[in-house]
Amino acid sequence: QVPLVESGGGLVQAGGSLRLSCAASGSIFSTNVMGWYRQAPGKQRELVAHITTGGNTNYADSVKGRFTISRDNTKNTIYLQMNSLKPEDTAVYFCAARPYGSNWSRGSWGQGTQVIVSS
């Protein structure tokens with residue numbers, strides 16, 4: 001069973017919106033901090049946003065005010081609503097789960113979904 005499954009990527013014009021989804025197994029969803037990373041060509045993977053089981057959120061400065069992370073506990077799913085997209089948001093977006101007390105590299109990762117923002 002794949003622990004994390006992303007969907008919702010695609011091609012959008014600058015200024016547009018996309019919503020990414022990540023479905024997780026119940027055991028992961030209820031015991032991990034959930035987050036979205038992204039990796040652009042030639043760049044390091046960076047944390048975009050994360051959300052705790054209690055609903056507390058944190059964002060990278062580059063996406064504050066434009067992206068919103070949320071979770072639906074009834075569906076074991078997190079979302080990333082991306083508005084006012086810019087060409088520099090183009091990247092592969094990964095859903096990730098971090099066990100409490102551990103770090104992201106020791107958690108679970110999705111396969112990634114491509115987001116392309118055209119200018």
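Both Arg66 and Asp89 are buried, where buried means under 20% relative accessible area, exposed over 50% and partly exposed in between (1.4 Å probe, protein chains only). This is a predicted model, in which local features need pLDDT of at least 70, side-chain atom pairs count only at pLDDT 80 or more, and totals for chains, interfaces and linings use all residues. Residues are numbered from 1 along each chain as its sequence is written, and side-chain values use heavy atoms, with hydrogens and water left out.

Arg66 and Asp89 form a salt bridge. That term means a side-chain nitrogen of Lys or Arg within 4 Å of a carboxyl oxygen of Asp or Glu. Side chains of opposite charge can pair when their charged atoms come close.

The structure holds 4 salt bridges. The table lists pairs among them.

| Salt bridge | Closest N and O atoms |
|---|---|
| Arg66 and Asp89 | 2.7 Å |
| Arg38 and Asp89 | 2.9 Å |

Which residues do shared partners join into one network? They are Arg38, Glu46, Arg66 and Asp89.

Asp61 counts as exposed because its relative accessibility is 65%. Lys64 has 48%, so Lys64 counts as partly exposed.
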